[in-house]
Amino acid sequence: MAEAENLIDLRSDTVTLPTEEMLEAIRNAELGDDVYREDPTVNRLEEMAAKKMGKEAALLVPSGTMANLVSVMSNTNRGDCVILEAESHLYWYEVGGLSVIAGVLPWPIKGDMGALNPKDVEAAIRPKNIYFPETTLVCIENTHNRAGGTIITPAQIEALNKVVKEHGLKLYMDGARIFNAAVALKVDVREFTRHVDNLMFSLSKGLSCPIGSIIVGDSKFIEKARKVRKMLGGGMRQAGIIAAPGIIALEKMIGRLEEDHRNARLLAEGLAKIEGLHVDLRRVQTNIVLVDVSGLGIDAGAFINRLREQGVLALSHSKRMVRMVTHRGIEKEHIEKALTIIEEAVKEIERSN
Ligand code: TLP
């Protein structure tokens with residue numbers, strides 16, 4: 001939660017603070033220079049992560065944004081074409097690093113609730129000829145942030161990978177919140193990872209770590225990624241202080257994501273009952289809730305400002321949509337209080353219309 005005790009911070013699961021146990025683990029972590037591969041705590045976390053994801057190797061990086069950039073650069077050559085979902089984080093929120101730094105041509109395709117249709121992907125893979133850049137990579141996002149935390153199911157990934165492989169391309173997954181997907185469907189996370197060549201996941205979101213994401217894939221890919229990470233300035237020294245809470249996250253923090261999903265459902269159903277607000281409940285599959293406020297005659301920014309005055313923090317998704325995210329530190333009572341505050345704010349807006 002944010003500093004002020006009485007704020008209900010639903011902006012993101014990135015605001016979660018480390019647990020006492022994590023802080024203790026940081027204090028006691030065995031450290032070394034990770035650029036020399038001598039940090040035992042980092043080595044342990046990377047081994048654990050690779051095993052958990054069913055891949056050969058793993059690499060700790062400072063952020064999800066760097067994980068995506070390093071992964072794209074390690075999967076492509078400059079000038080390649082990369083197919084991705086039009087609402088994906090990679091395309092929207094990563095400062096254009098794909099073009100500026102990786103030097104690839106992003107080829108966005110609109111998905112359905114975040115999921116790419118294999119037929120659309122196939123149609124976008126252009127033949128090799130003098131006019132076209134070579135398409136080498138397809139990226140998916142799971143859960144899909146801007147679609148509302150929607151899950152791309154193992155069957156959907158498998159079907160997409162079939163097409164991707166028929167054309168000799170690679171499939172990468174931005175799995176920042178992949179454990180939310182696994183917990184929601186009650187399946188082993190490897191069900192999602194086995195159909196992609198490589199992926200990343202975040203430690204610093206619902207898993208509550210202060211910093212860090214992990215890239216996983218085959219050894220050759222991770223070796224390349226390690227070098228690209230270094231080039232981008234992401235080679236860290238005593239990174240065990242980041243890895244120590246990461247180990248706790250993998251051991252103890254995954255199961256509790258279910259609580260966040262329950263709270264998101266409670267929030268979504270409560271919001272859906274408030275006249276003037278619209279929630280597409282089909283999209284509420286994990287810990288993200290999108291609320292359409294256009295029925296109130298004000299835009300998302302104005303609505304968010306009103307809520308902030310009453311102690312509820314949310315983020316703008318678009319002109320008409322507000323995003324709310326549940327996470328550790330947000331309990332059922334906070335959701336109930338937030339709903340009361342939001343209902344009151346809506347009534348006030350309608351009175352002043
Ligand atoms: N998402 C953040 C914001 O940047 C929008 C959030 O609050 O949701 N992939 C996905 C799917 C993400 O949601 C995010 C962060 C990232 C990558 C980037 O991770 P970080 O913030 O660690 O660079």
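The shell around the ligand in this predicted model is made up, by class, of 2 nonpolar, 7 polar and 6 charged residues. Of the 15 residues around the ligand, the ones that come nearest are Ser12, Gly64, Thr65, His89 and Asp174.

| Side chain | Ligand atom | Distance |
|---|---|---|
| Thr65 | oxygen | 2.6 Å |
| Asn145 | oxygen | 2.9 Å |
| Asp174 | nitrogen | 2.6 Å |

How much of the ligand does the protein bury? Taken alone, the ligand exposes 510 Å², and the protein buries 83% of that. As for where to look, the ligand sits in the largest pocket.

Now let us turn to Ala86. You will find Ala86 in the loop that links β3 (81-85) and α4 (89-92). Is Ala86 buried or exposed? Ala86 has a relative accessible area of 17%, so this residue counts as buried, the cut-off being under 20%. To place Ala86 against another residue, take Arg11: the two are 75 residues apart in sequence, and their C-alpha atoms are 22 Å apart in space.

Notes
Residues numbered from 1 in each chain as written. Predicted model: local features only at pLDDT ≥ 70, side-chain atom pairs only at ≥ 80, totals over all residues. Heavy atoms only, no water. Near = heavy atom within 4 Å. Polar contact = N/O pair within 3.5 Å; in protein donor to acceptor, adjacent residues only side chain to side chain. Areas by Shrake-Rupley, 256 points an atom, 1.4 Å probe, with all protein chains shown as cover. 1 Å grid on protein atoms, 1.4 Å probe; cavity = no way out; pocket = protein on both sides within 12 Å on 5 of 7 lines; lining within 4 Å. Sits in = over half its atoms within 2 Å of the grid points. Nonpolar A, V, L, I, M, F, W, Y, C, P; charged D, E, K, R; others polar. Helix = DSSP H or I, 4+ residues; strand = E, 2+ residues; numbered from the N terminus. Buried < 20%, exposed > 50% of the residue type's maximum accessible area, 1.4 Å probe, protein only.
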